[in-house]
Amino acid sequence: VQVVYPNIMAMASLLDDGDLAGAMCRAYNNYAAEQSRNADGRIHPIATVALQQPQEAAKELRRAIKELGCAGTVIPGIVGQRNPDDPYFPPFFREANELGAAVGVHWITGCFDSPGQERIKDPYFYIHMMGMPFNLMIGIMTLIGGGVMNKYPRIKFVFLEIGAAWLPYWMWRMDDHYTTSSHRLNNLPKAPSEYVKSESCFVSCEPDEEGLAQTARVLGEERIIFASDYPHGDCDFPNSVIKLRRRKDISESLKERILSKNPARLYGI
């Protein structure tokens with residue numbers, strides 16, 4: 001079974017023309033659903049939404065999940081000049097919460113500027129190194145710190161394709177700032193790490209990343225899924241699945257959670 005994310009259409013929320021972006025999302029979602037119907041339940045598409053118009057994005061999310069059978073949607077960690085906790089976006093998050101939707105957080109390097117990326121023009125190695133991690137770090141920080149995960153606890157956010165080992169460090173840093181009086185987020189009733197360890201948060205791992213067992217101990221084994229990144233050139237698919245299955249440093253039960261149980265729960269499959 002495969003959950004299929006869009007490629008360039010994941011960046012629809014960053015187009016200048018919101019009406020055009022919304023129309024493109026509807027067309028893509030129709031196409032993805034139509035193509036998936038012939039797969040006997042083995043392919044589950046992820047919908048695109050255009051956050052330039054949050055009310056319309058909410059309507060399209062409901063249509064995509066309820067009528068088209070999509071398994072969730074995907075948004076960037078930063079939407080133009082707005083972070084996801086901006087007061088502009090609650091109409092979308094209210095609908096996602098009502099649906100109990102899976103919301104992937106993902107960035108496509110080089111399509112639009114991400115913090116740090118504007119400092120580098122070449123080589124692409126540097127751009128790719130910084131673009132996605134910084135985008136997702138800001139995304140999770142503001143979703144937690146801005147109270148989105150607290151206010152909309154039925155949304156299942158999943159942070160994709162930069163590995164999982166960054167998240168324990170980011171949890172520690174957020175908690176450290178949370179408990180320091182001069183930096184405390186007064187509107188947050190519990191430490192940031194508690195939201196990461198809840199059903200509000202999942203993260204994808206890489207098949208060969210080091211310290212995966214330790215990362216799972218910090219996050220909880222229920223938080224980690226696997227993303228192949230197929231068909232990108234650096235994904236080594238299907239060997240990426242084989243690499244994960246052959247690892248000796250993680251338990252068979254953790255492999256089963258990463259490859260099957262956790263994504264099935266995340267996407268409601």
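1. The opening point concerns a lysine. Lys156 belongs to strand E6, which covers residues 156-159. The model discussed here is a predicted one. Lys156 is buried, yet it has no salt bridge. The nearest side chain of opposite charge is that of Glu199, at 6.5 Å. A salt bridge requires a side-chain nitrogen of Lys or Arg within 4 Å of a carboxyl oxygen of Asp or Glu. A polar atom of the Lys156 side chain does lie 2.8 Å from the backbone oxygen of Gly100.

2. The surroundings of Lys156 deserve a separate remark. With neighbours within four places in sequence set aside, Lys156 is in contact with Gly100, Ala101, Ala102 and Val103, and also with Glu199, Ser200, Phe202, Arg265 and Leu266. Several of these names return below. Glu199 and Arg265 belong, together with Arg223, to one network of salt bridges that share partners. Phe202 has Arg223 lying over the face of its ring.

3. Within it, the side chains of Arg223 and Glu199 meet in a salt bridge of 2.4 Å, N to O. Arg223 lies in the loop between helix H8 (212-219) and strand E8 (224-226), and Glu199 in the loop between helix H7 (192-196) and strand E7 (201-205), so the pair ties together parts that are 24 residues apart in sequence. Arg223 is buried, at 5% relative accessible area, whereas Glu199 is partly exposed, at 36%.

4. Two further salt bridges may be set beside that pair; the search of the whole structure finds 9 salt bridges. Glu56 and Lys59 meet through their side chains at 3.5 Å, N to O. These two residues are 3 apart in helix H2 (residues 54-66), and are therefore separated by about one helical turn. Glu56 is partly exposed, with a relative accessible area of 37%, while Lys59 counts as exposed at 56%. Arg247 forms a salt bridge with Asp249, and the closest N and O atoms are 2.8 Å apart. Here Arg247 is buried, with a relative accessible area of 11%, and Asp249 is partly exposed, at 45%.

5. Charged groups also sit over aromatic rings. Arg223, the salt-bridge partner of Glu199, lies over the face of Phe202, at 5.1 Å from the ring centre. The charged end of Lys190 sits over the ring of Tyr195, 4.8 Å from the centre of that ring.

6. How many aromatic pairs does a search of the whole structure find? There are 8 such pairs. The rings of Tyr88 and Phe89 have centres 5.5 Å apart and planes at 75 degrees, so this pair is edge-to-face. The category applies because planes over 60 degrees apart count as edge-to-face. Tyr88 is partly exposed, at 33% relative accessible area, but Phe89 is buried, at 2%. Separately, Phe92, Phe93, Tyr152 and Phe157 form one aromatic cluster.

7. The loop between strand E6 and helix H6 (166-179) contains Ile162. Apart from neighbours within four places in sequence, Ile162 is in contact with Met132, Pro133, Leu136 and Glu206. Ile162 and Ala47 are 115 residues apart in sequence, and their C-alpha atoms are 21 Å apart in space.

8. The backbone calls for a final comment. Most residues other than glycine have a negative phi. Glu161, placed in the loop between E6 and H6, has a positive phi near 70 degrees. Glu161 counts as partly exposed, at 23% relative accessibility. Asp40, which is not a glycine either, has a positive phi of about 55 degrees. Asp40 is found in the loop between helix H1 (18-36) and strand E2 (43-45), and it is exposed, with a relative accessible area of 73%.

Notes:
Residues are numbered from 1 along each chain as its sequence is written. This is a predicted model: local features need pLDDT of at least 70, side-chain atom pairs count only at pLDDT 80 or more; totals for chains, interfaces and linings use all residues. Side-chain values use heavy atoms; hydrogens and water are left out. Helices (H or I, at least four residues) and strands (E, at least two) are DSSP runs, numbered from the N terminus. Buried means under 20% relative accessible area, exposed over 50%, partly exposed in between (1.4 Å probe, protein chains only). Lys and Arg count as positive and Asp and Glu as negative; His and the chain ends are not counted. A polar contact is a pair of N or O atoms within 3.5 Å; within protein, one must be able to donate a hydrogen and the other to accept it, and residues adjacent in sequence count only if both atoms are side-chain atoms. Contact means heavy atoms within 4.5 Å. Rings of Phe, Tyr and Trp (its six-membered ring) pair if their centres lie within 6.5 Å; planes under 30 degrees apart count as stacked, over 60 as edge-to-face and the rest as tilted. A charge sits over a ring if NZ of Lys or CZ of Arg is within 6 Å of the ring centre and within 35 degrees of the ring normal.
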